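Work through the exercises below with the model open. Try each task before reading its solution.

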Amino acid sequence: MIRTLRLARRSAMKARTQAANQLHALVITAPDELRARLRALSMGELIPLVAAFRPVRTGTALSTPLAAAKLALKGLAIRYRQLTAEIDALDDHLGQLVATAAPALLAVKGVGTDIAGALLVAAGDNPERLHSEAAFASLCGVAPIPASSGKTTRHRLSRGGDRDANRALYLLAFGRMGWDPATRTYVTRRTAAGLSKPEIIRCLKRYIAREIFTLITPKAATALANQSANAA
């Protein structure tokens, strides 16, 4: 269900972005008097203004280039509003579904409906099929890939896996670099050791994937707890 709604939301987001780009293009190419009035407006100010336009007609036909520009802008603004309403409705449904499917995942600071949805879709309808957290990391494209050469031992970023899940882990890692003291300390330590920022983010994404795996697969969390208890 989450996968289906995310597909519809992604399509609506692309269409809304396209409508916004077309609005900006029409404003730039509009007749001088209209362009001067609209060009400095933000999207939030532009949409309600042009949606209320009433193009002047002669009978049933448009009479001037200004009227045609107003009609085109009005149509795009209405489309933008409709797509925004569609996205908001989908977000409400997705929020309910994600909260039902993985409440523990949503409880993690920095994880919202979008990030949680992307990770749940990557795990699939049967996350128990993932035999280890390393398999989940590989599925998300954050498993380290050896890239050593000569006396240099290093790993590189993975270009495979679910790119949407990879994006979600990147957002989490990047966010933690800003507000999490432990992560900031880690970044400072690894930077001093000579790692680049992309390499540090790769390490953070791998760590977060391990954390997420235990939240979306309860059986895996129990197994890891038992392993820790046996090791102790």
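This is a predicted model: local features need pLDDT of at least 70, side-chain atom pairs count only at pLDDT 80 or more; totals for chains, interfaces and linings use all residues.

Residues are numbered from 1 along each chain as its sequence is written, and side-chain values use heavy atoms, leaving out hydrogens and water.

**Exercise 1.** Find how the axes of α1 and α3 cross.

Solution. Take α1 (residues 2-29) and α3 (residues 43-51). Their axes come within 12 Å and cross at roughly 75°. The two helices are therefore roughly perpendicular (65 to 115 degrees). Next, list the contact (heavy atoms within 4.5 Å). Ala20, Leu23, His24 and Val27 of α1 meet Met43, Leu46, Ile47 and Val50 of α3. By class, seven of these residues are nonpolar, one is polar and none is charged.

**Exercise 2.** Identify the residues that touch the most other members of the largest nonpolar core.

Solution. A nonpolar core joins buried Ala, Val, Leu, Ile, Met, Phe, Trp, Tyr and Cys residues through side-chain atoms within 4.5 Å. Buried means under 20% relative accessible area (1.4 Å probe, protein chains only). The largest core has 37 residues, and Leu105, Leu119, Phe136, Leu169 and Ile212 touch the most other members. α10 (197-216) gives the most to this core, with nine residues. Another core, of 17 residues, lies apart and includes Tyr80.

**Exercise 3.** Count the disulfides in the whole structure.

Solution. Look for cysteine sulfur pairs within 2.5 Å. The search finds zero disulfides. Now check burial. Cys140 is buried, at 0% relative accessible area. Cys203 is buried too, at 16%.

Methods. Axes are lines fitted to C-alpha atoms, for helices over the stretch in contact, and angles run from 0 to 180 degrees between N-to-C directions. Helices (H or I, at least four residues) and strands (E, at least two) are DSSP runs, numbered from the N terminus. Angles under 35 degrees count as roughly parallel, over 145 as roughly antiparallel, 65 to 115 as roughly perpendicular and the rest as oblique. Ala, Val, Leu, Ile, Met, Phe, Trp, Tyr, Cys and Pro count as nonpolar, Asp, Glu, Lys and Arg as charged, and the others, Gly among them, as polar. Buried means under 20% relative accessible area, exposed over 50%, partly exposed in between (1.4 Å probe, protein chains only).
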